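Subject: Structure for you, with notes

Hello,

Here is the structure you were waiting for. My notes follow below it.

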Amino acid sequence: LEEEGKEGEEGEEEGGSEERWEETGLQHILFNIASSKGSFAKRAQYLRAWWRAEEDSLRGYVWVDDVAGIPKALRCRAGRGGGGVGGGGVPPVRVSSSAAHLSYRGSGLRDYVRMARIVVDAYRLRERRVRWYVMGDDDTFFSPHAMAAFLQQYDHRVPLYLGAASETHGQNVEFTRGMAFGGAGFAISAALARALSEGEGAGEDGMDTCLERHAELRGSDDRVASCVGELGIALTPSPGFHQCDLRHSLFGLLMSHPLQPLLSLHHFDELDPILRPAGIADKAAGLATLAERIRPDPVGFAQLAVCGDGANWTAAISWGFAIKIYPGARLLSELERVERTFVSYRWRGEAQSFTFDTRPSEPDALENRACGLPFTMYATHVGQFPQLQQLQPPFNVTQRPISSPGFNGTLAGSRGASSSEISKEQVPLVSVYNRTSRSTALDRSHCPLPIQRVTSARIIRPHGPMRLGDGLKHEGEGTGWSGPNLRRQRCSRIEINSEKPDELTLTIWLEDF
């Protein structure tokens with residue numbers, strides 16, 4: 001098996017010409033989920049929300065300490081390659097190698113030592129064509145296609161450790177800011193996995209020598225970070241990973257996501273259901289719905305665009321997730337700050353508790369105030385529409401070109417939104433948003449502003465899904481890009497249309513800079 005694995009690596013990665021080079025895709029990623037016989041059955045619902053092995057050709061395993069006590073429906077195993085569905089729509093199960101010979105003097109669970117060694121267990125499977133080992137917990141939600149696009153920007157032949165620290169200062173002080181928090185997930189390149197398993201400095205027993213030196217540490221992720229650090233590798237911060245050391249609602253975070261693909265979310269047992277305001281009270285069902293919203297445009301999901309109608313109102317658009325309409329004129333620089341719809345893991349809610357810029361929460365106007373602002377509409381559909389003519393309404397209440405708040409006018413050379421400018425290869429994307437059923441039942445015919453009578457919205461991206469790749473390309477063949485780089489979308493046109501005066505539809509066209 002060892003020789004077969006090395007032959008697969010060298011034949012593809014090291015000796016190949018430019019013609020033989022294949023860009024990193026899902027087939028090159030092995031997901032490794034740390035779990036246990038005590039937690040797997042309870043958290044399998046979160047894994048089902050994003051794991052689509054047959055549809056996406058995902059590879060991966062759930063690593064447990066023992067299969068005893070795990071329902072038979074969940075413990076189906078897969079053969080070599082990590083593909084396919086295990087039991088009940090979750091990854092196949094593998095039992096980790098024993099860590100009983102290693103010391104544990106931390107303040108947590110001894111099982112954390114076993115979990116820290118999962119990357120070595122996964123590497124020693126010697127599976128072919130694995131470039132990246134993505135690690136996560138059994139309550140981690142991954143966006144696999146976004147992960148593939150993100151990892152495509154990096155060279156797996158270089159030792160790399162990609163992840164993110166906590167969103168809260170308290171957790172970072174307790175652990176370290178230089179650590180990839182395990183619940184957020186992190187990615188280890190094949191080169192680093194090899195170094196941890198058998199490279200110089202790993203010791204005769206691989207990673208075990210390092211783990212024995214760090215027996216006082218509490219968790220598994222700080223052990224991995226310490227052993228990676230002893231190899232001279234620092235964390236490459238990647239803000240698309242989200243530890244979510246938060247309580248209450250993630251709405252604010254998803255409305256003002258960084259300019260990077262959303263890669264992961266975590267800690268759903270401690271959080272409100274993500275789509276409860278949209279009528280989905282079950283946490284796992286909400287995550288499954290979120291996964292469907294992400295699928296048509298995984299890189300662009302939750303990317304912020306801001307536009308409005310002068311001093312009357314401003315729309316903050318989180319592509320594929322929600323739209324929030326604010327009263328008055330708001331600047332992009334304000335709405336880029338994360339609305340504090342949450343508190344920290346330690347129940348602190350002040351701005352100083354968080355590692356990113358925040359602003360106070362602005363709850364929606366009471367639902368019985370028909371004309372009240374702000375209000376939120378949640379996505380109900382994201383998909384491709386080949387014929388833009390199908391989207392034309394019967395008549396327009398308002399129609400004008402607009403510029404986004406915070407941007408001065410129209411940039412020279414910007415692309416318009418007319419269907420005649422769209423190439424045959426580009427299929428427009430449209431996301432549809434609606435108010436809640438209780439809100440739409442109210443009579444809005446008397447509301448003075450058209451925006452107050454809006455019950456649904458359509459956001460159109462004429463040039464299709466967003467892509468990474470604006471970074472500087474490495475010199476040399478097939479080495480990928482220097483790193484992910486997205487650009488903020490801007491609004492090019494706005495319309496408010498309807499067949500009925502009290503049921504208006506907001507339509508906004510987005511374009512790239």
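How many disulfides does the structure hold? The structure holds two, a disulfide being a pair of cysteine sulfur atoms within 2.5 Å. Before the details: this is a predicted model, in which local features need pLDDT of at least 70, side-chain atom pairs count only at pLDDT 80 or more, and totals for chains, interfaces and linings use all residues. Residues are numbered from 1 along each chain as its sequence is written, and side-chain values use heavy atoms, with hydrogens and water left out.

Disulfides

Cysteine 210 is bonded to cysteine 227, with the sulfur atoms 2.1 Å apart. The pair links distant parts of the chain, 17 residues apart: cysteine 210 sits in helix α9 (residues 208-213) and cysteine 227 in helix α10 (residues 221-230). Helices (H or I, at least four residues) and strands (E, at least two) are DSSP runs, numbered from the N terminus. The angle about this S-S bond is -105 degrees, and the link is left-handed. Cysteine 210 is buried, at a relative accessible area of 4%, and cysteine 227 is buried with 4%. Buried means under 20% relative accessible area, exposed over 50%, and partly exposed in between (1.4 Å probe, protein chains only).

Cysteine 371 and cysteine 447 form a disulfide with sulfur atoms 2.0 Å apart. Cysteine 371 lies in the loop between β16 (358-359) and β17, and cysteine 447 in the loop between α14 (437-440) and β20 (454-461), 76 residues apart. The torsion about their S-S bond is about -90 degrees, so this disulfide is left-handed. Both cysteine 371 and cysteine 447 are buried.

Core

The largest nonpolar core has 68 residues, and Ile274 and Phe321 have the most contacts inside it. Such a core is a set of buried Ala, Val, Leu, Ile, Met, Phe, Trp, Tyr and Cys residues joined through side-chain atoms within 4.5 Å. Helix α2 (residues 40-50) gives the most to this core, six residues. Apart from it lies another core of 38 residues, including Val130 and Leu211.

Helix α12

Among the buried residues of α12 are Ala284, Leu287 and Ile294. The buried residues of α12 pack against α2, β5 (141-142), β10 (264-265) and β17 (375-384).

Regards

Methods:
Contact = heavy atoms within 4.5 Å.
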